[in-house]
Amino acid sequence: MGIDFESLSEATSGAIGSLLSTTILYPLDTCKTKYQAEARAHGKQKYRNLSDVLWEAISNGHIASLYQGLGTKNLQSFISQFVYFYGYSYFKRLYVEKSGSKQIGTKANLLLAAAAGACTAIATQPLDTASSRMQTSAFGKSKGLWQTLTEGRWSDAFDGLGISLLLTTNPAIQYTVFDQLKQKLLNGNGDAGASVQALSALSAFILGAVSKSIATVITYPAIRCKVVIQAADDGESKKSKPRLKKTLPGVTHAIWKGEGVLGFFKGLEAQILKTVLSSALLLMIKEKIAKSTWVIMLAIQRYLVLTRGRIKDA
C-alpha cells in the first residue's frame, strides 16, 4: 500500500500551523482554562472575569507561569492536528474514490470530519488531560508531564474522553463550514486537485474565524464541562460539599446548582476569542504553507519512484 502524499501534505501543514498558533496564543489559553475550570460553589468564586487570572500572575510575579504546560500542549496540538488533518483528508479521498462523486455533500463532510475527530480524541486524550491539569495548577506549582500523568490512576488520564468524543462535532462543524465556504470562494468543483489551491491569508483568516465561531457557540456547554472534569483532582472533589463527581452528569449538576444556566456559558467570550484567533491563525498558516508542503511531498514522491526504479533495474 503506497503512501498517501496528499493526505500527508495536508496533515503536515495543519500540524505546523497548529504548533505556531498554539505557541503564540498560549498565555491567553492558560487564563481561559483556569477561568473555565473554576466551578462556583455557595456563591463563592476566585475569578470574576478573565483579567483576574492575568492580574494574579502579574501581581505574584508568575508571568512565566502563563506558559506552564506549553511543551505538553504543543505536543498534543501537533499530534492531534496531524492525526486529524491526515484522517480528514484521507477519508475525503476514500469517499470520493468509493462513491464516484466529484463533490462531497454537507452531511458526508460532517460524518468524515467526525470520524477523523474521534480518531484524534482517542489518540491524544492523555496529553489533553495533562495539559489542562498543568494549566490549572497554581501558578509556579505545575508538575512535569510524566508526573502529571502518573500521579493518579491510569484511567484518570482519559478523564473527559466521552465529552471529547462528543466534541468531535466541533471540528466537524468548523471544517465543514470552512471547506464549503472555501469551495465557493475559489469556485472549485470539489475534485482532488482543489485541495492544493490556496486562499489568501486574509480570506483564510476570516473563513477560519467564522467557521470556528459557529462551532464554538454550538458546543460550548460541553467544552466547559470537559475542562471542569479534567481540572478537578480527587483530593479537591472529596473535600467539596457536595462532592464533585468527575462525570458529565455530576459536573452538569454542579454547574446547574452553583451557577445556573448561564454557568454553562461561563468564559464563552474568552473561548471564542482564543479559539477563533487560534483556528484562524492555524488555517491561515496552513493555507500559506500548503503549496510549499505539497511541492516538497511531490519531490519526495518522485525521489522514491526513481529510487525504486533503480533498485528494480539493478
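## Helix α4 and the residue after it

In this predicted model, helix α4 gives way to Gly-100, a residue whose phi is positive, near 80°. Helices here are DSSP runs of H or I with at least four residues, numbered from the N terminus. Helix α4 covers residues 70–99, and at 1.5 Å a residue its 30 residues should span 44 Å, which agrees with the 42 Å between its end C-alpha atoms; the expected span is 1.5 Å times one less than the number of residues.

## Helix α3 and its buried side

Within α3 (residues 50–59), the residues Val-53, Glu-56 and Ala-57 are buried, a term that means under 20% relative accessible area with a 1.4 Å probe, protein chains only. These residues lie on the same side of α3, because they cover an arc of only 95° around the axis, taken from the directions from the helix axis to the C-beta atoms.

The buried residues of α3 pack against α2 (26–37), where contact means heavy atoms within 4.5 Å. Helix α3 is followed by Gly-61, whose phi is positive, near 70°.

## The protein overall

The protein has 12 helices and 0 strands. Of its 314 residues, 46% count as buried, and among contacts between residues at least 6 apart in sequence, 81% join residues at least 24 apart.

## Basis of the values

Residues are numbered from 1 along each chain as its sequence is written, and side-chain values use heavy atoms, with hydrogens and water left out. Local features need pLDDT of at least 70 and side-chain atom pairs count only at pLDDT 80 or more, whereas totals for chains, interfaces and linings use all residues.

Definitions and conventions
Buried < 20%, exposed > 50% of the residue type's maximum accessible area, 1.4 Å probe, protein only. Helix = DSSP H or I, 4+ residues; strand = E, 2+ residues; numbered from the N terminus.
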